[in-house]
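Reader: Could you walk me through this one? I am new to reading structures.
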Amino acid sequence: MAKTYVVTSGKGGVGKTTISATLGAALAAKGDKVCLIDADIGLKNLDLTLGLENRVVHTILDVVNGKVTALEALVRHKQMKNLFLLAASQIATKEMLSPDDMRRIVAELYPKFDFIIVDSPAGIERGFRNAVAAADHALVVTTPELPAITDADRVIGLLENAGMAEDDIRLIINRFKPNMVKRGDMLTKDDIQENLAIELVGIIPDSEDVIVATNTGNPITLNGNQEHMIAHVFSNIALRLKGEMISIDKDLIYGGSRGFREFFKRIFGRN
Ligand SMILES: Nc1ncnc2c1ncn2[C@@H]1O[C@H](COP(=O)(O)OP(=O)(O)O)[C@@H](O)[C@H]1O
Ligand SMILES: [Mg+2]
């Protein structure tokens with residue numbers, strides 16, 4: 001039976017789709033069978049981020065309309081055979097899908113996977129309710145900027161109102177910039193955690209390589225790659241979702257990357 005996660009945020013453009021794809025690939029590389037669901041109807045970025053846009057035949061809307069089953073609509077990843085995508089439809093709108101549709105779709109997929117990860121659209125309207133409907137857990141993504149943190153706080157409240165337990169809501173800080181923290185120009189991990197009192201499950205640095213990966217449709221964690229610092233961070237997040245207790249500062253101890261270690265010492269207040 002799958003663990004179901006929704007990747008969500010208040011503010012748009014903070015990295016939900018990137019994180020869904022990269023984390024999905026990291027989990028698949030560890031041997032888990034992973035299904036990614038693109039609930040960002042009308043935009044459908046997840047297929048591009050995974051390099052699967054040319055393989056999509058059926059979308060989530062075809063499933064809702066009874067044309068195919070959810071399993072029939074899945075696209076398998078080219079290189080990673082236990083990574084699957086249920087694609088969104090670009091021509092549809094969020095109103096064409098209901099929270100009940102989502103629950104039925106996930107109920108069909110649930111027994112076949114270890115992880116189901118739902119990538120949600122920006123905002124807190126219908127699209128958010130659809131994406132959250134069938135998830136037992138949430139990963140709330142924020143960047144280290146006040147507007148994103150304020151919006152994340154709002155989303156945490158909505159998740160709790162929707163009945164999600166506080167322990168099932170976890171935080172990912174994306175696009176962290178070590179140099180700005182060093183200069184005192186950016187919020188630290190502690191600043192953020194003081195505002196959002198949920199468990200932190202990963203801090204992902206800002207990196208041009210993430211943008212390149214997005215643009216080429218090759219997640220940094222493809223085929224279990226752990227060479228890249230970002231891939232190493234995602235691998236640890238994947239292990240945490242699998243229940244391993246790995247402290248966040250393990251993300252920072254990465255071969256030879258002294259600058260990064262120094263940065264972490266600082267944000268963890270150990271110097
Ligand atoms: N850690 C990161 N470092 C650099 N760029 C990133 C990072 N995470 C995401 N991005 C970039 O930010 C942009 C928005 O990311 P995306 O995943 O589409 O956000 P969302 O799904 O929340 O709207 C993309 O161009 C992506 O490549
Ligand atoms: Mg997105």
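Author: Helices here are DSSP runs of H or I with at least four residues, and strands are E runs of at least two, numbered from the N terminus. This is a predicted model, in which local features need pLDDT of at least 70, side-chain atom pairs count only at pLDDT 80 or more, and totals for chains, interfaces and linings use all residues. Residues are numbered from 1 along each chain as its sequence is written, while chains are lettered from A and ligands numbered from 1 in the order in which they are written.

Reader: At what angle do helix H5 and helix H6 pack, and how far apart are their axes?
Author: Helix H5 (residues 99–109) and helix H6 (residues 126–133) pack at about 25°, and their axes lie 8 Å apart; axes are lines fitted to C-alpha atoms, for helices over the stretch in contact, with angles from 0 to 180 degrees between N-to-C directions.

Reader: Which residues meet there?
Author: From H5 come Pro99, Met102 and Arg103, which meet Arg129, Asn130 and Ala133 of H6, where contact requires C-beta atoms, placed from the backbone, within 7 Å.

Reader: New topic: which residues come nearest to ligand 1?
Author: Gly15, Lys16, Thr17, Thr18 and Thr214 come nearest, out of 18 residues around ligand 1, near meaning a C-beta atom, placed from the backbone, within 6 Å. Helix H1 (16–29), strand S7 (169–176) and helix H10 (208–216) each give two or more residues to that shell.

Reader: And how many helices and strands does the protein have?
Author: The protein has 12 helices and eight strands, and its C-alpha trace spans about 60 × 40 × 30 Å along its principal axes.

Terms used
Two residues are in contact if their C-beta atoms, placed from the backbone, lie within 7 Å.
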